[in-house]
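Subject: Structure for your study

Dear colleague,

Please find below the structure that I would like to hand over to you. My notes on it follow.

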Amino acid sequence: MSHRFANGKICYLEIPATDVAVSSSFYASVFGWELRQHADGTTAFDDGVEVSGMWVLNRPPSNHLGIVISIMVDNAAATVNLITAHGGEIVQPIDPNAHEITAHFRDPAGNILGIYQHRG
């Protein structure tokens, strides 16, 4: 069975946005997500590995810590700089003493997500 279509795998995200152009530009610039347009004009993304999704209007942002979706990055410190340079805000900085290399950020629409850097 292909891993891409494996049962139980997270594969698709709908990300609340107040301005799809701003949000899609943020994720493309910070994480390198590839953007595409659906026939109905909505903007979708592919993360370059296996997850895809789209931005949706008229939905409140996920702006309280509950379940946190984290995006894998090669260099968390450099990604923190990209997040702030492109209109995001760091809400939980990298803890140099923590076992895992993570940070939480707020995107331009107010959604809180995380970044994760694999040690090693």
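In which hand of crossing does H1 pass H2? The crossing of H1 past H2 is right-handed, a term used when the near helix is turned clockwise from the far one by less than a right angle.

The model is predicted, so local features need pLDDT of at least 70 and side-chain atom pairs pLDDT 80 or more, while totals for chains, interfaces and linings use all residues. Residues are numbered from 1 along each chain as its sequence is written, and side-chain values use heavy atoms, without hydrogens and water.

Helix H1 covers residues 20-31 and helix H2 residues 76-85; helices are DSSP runs (H or I) of at least four residues, strands (E) of at least two, numbered from the N terminus. Their axes, which are lines fitted to C-alpha atoms over the stretch in contact, come within 9 Å and cross at roughly 155°. The two helices are therefore roughly antiparallel (angles over 145 degrees, on a scale from 0 to 180 between N-to-C directions). Phe26, Val30 and Phe31 of H1 meet Thr79, Leu82 and Ile83 of H2, where contact means heavy atoms within 4.5 Å.

Phe31 also belongs to an aromatic cluster with Phe26, Tyr27, Trp33, Phe45, Trp55 and Phe105. Rings of Phe, Tyr and Trp (its six-membered ring) pair if their centres lie within 6.5 Å; planes under 30 degrees apart are stacked, over 60 edge-to-face and the rest tilted. The whole structure holds 10 aromatic pairs. One of them, Phe31 with Phe105, is tilted, at 5.8 Å centre to centre and 40° between the planes.

Yours sincerely

Notes:
Angles under 35 degrees count as roughly parallel, over 145 as roughly antiparallel, 65 to 115 as roughly perpendicular and the rest as oblique.
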